[in-house]
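Trainee: I am new to this structure and would like to learn how to read it. Could you take me through it step by step?
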Amino acid sequence: MHTCRNCNQSFQTELALELHRDTCQQGQLFCQVCGDRFQEADATQDGWHYECPSDDCDGDGLQEDLYRVDDVRTTTH
Ligand SMILES: [Zn+2]
Ligand SMILES: [Zn+2]
């Protein structure tokens, strides 16, 4: 069983989970260092300093390494 750590929904296969994570409404932040997604609450304790919750990733800083998914989607070049 594969569980989305953002919304705790369970999936039969890893592929199903991967597909879900692209659309998961709970995965609001995106780390461009490791490519992971997570909830805003997982990345910050105080709403001020943000860092990637992944143990093996040292991405930090909102608008530095971490971006809101909505911001990434609406950014045009
Ligand atoms: Zn989810
Ligand atoms: Zn990361």
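Mentor: Gladly, and let's begin with burial. A residue is buried if 20 or more other C-beta atoms lie within 10 Å of its own, exposed if 12 or fewer, and partly exposed in between, with C-beta atoms placed from the backbone. In the protein chain, buried residues make up 14% of the 77 residues. Please keep in mind that this is a predicted model, where local features need pLDDT of at least 70, side-chain atom pairs count only at pLDDT 80 or more, and totals for chains, interfaces and linings use all residues. Residues are numbered from 1 along each chain as its sequence is written, while chains are lettered from A and ligands numbered from 1 in the order in which they are written.

Trainee: How many helices and strands does the protein chain have?

Mentor: Helices (H or I, at least four residues) and strands (E, at least two) are DSSP runs, numbered from the N terminus. Here the protein chain has three helices and five strands, and they follow the pattern β-β-α-β-β-α-β-α along the sequence.

Trainee: Which strands form an open sheet, and in what order?

Mentor: Two strands pair if DSSP finds at least two bridges between them. In this model the order is β4-β3-β5, with antiparallel pairing. Because β4 (37–38) and β5 stand at the edges with a single partner strand each, one side of each is left without a neighbour in the sheet. Strand β3 (residues 29–31) pairs with β4 over two bridges, and Phe-30 stands opposite Arg-37 in β4.

Trainee: What makes up the largest nonpolar core?

Mentor: In soluble globular proteins, nonpolar side chains tend to be buried together. A nonpolar core is a set of buried Ala, Val, Leu, Ile, Met, Phe, Trp, Tyr and Cys residues joined through C-beta atoms within 7 Å. The largest one here has eight residues: Leu-29, Phe-30, Cys-31, Phe-38, Ala-43, Tyr-50, Cys-52 and Leu-66. Its largest share, three residues, comes from β3.

Trainee: Which residues is Tyr-50 in contact with, leaving aside its neighbours within four places in sequence?

Mentor: Two residues are in contact if their C-beta atoms, placed from the backbone, lie within 7 Å. With those neighbours left aside, Tyr-50 is in contact with Ala-43, Thr-44, Asp-60, Gly-61, Leu-62 and Leu-66. Leaving aside its own neighbours within four places, Cys-34 is in contact with Cys-52, Ser-54, Cys-57 and Gly-59.

Trainee: Is Cys-34 exposed or partly exposed?

Mentor: Cys-34 counts as partly exposed because it has 14 C-beta neighbours inside 10 Å. Its place is in the loop between β3 and β4.

Trainee: Which residue other than glycine has a phi near 65°?

Mentor: Most residues other than glycine have a negative phi. Asn-8 has a positive value near 65°, and Gln-63, also not a glycine, has a positive phi of about 70°. Asn-8 lies in the loop between β1 (2–3) and β2 (10–11), whereas Gln-63 is in the loop between α2 (40–43) and β5 (66–68). Asn-8 is exposed, with 8 other C-beta atoms within 10 Å, and Gln-63 counts as exposed with 9 C-beta neighbours inside 10 Å.

Trainee: What does Thr-3 touch, not counting residues up to four places away in sequence?

Mentor: On that count, Thr-3 touches Asn-8 and Ser-10. Thr-3 belongs to strand β1 and is exposed, with 11 other C-beta atoms within 10 Å.
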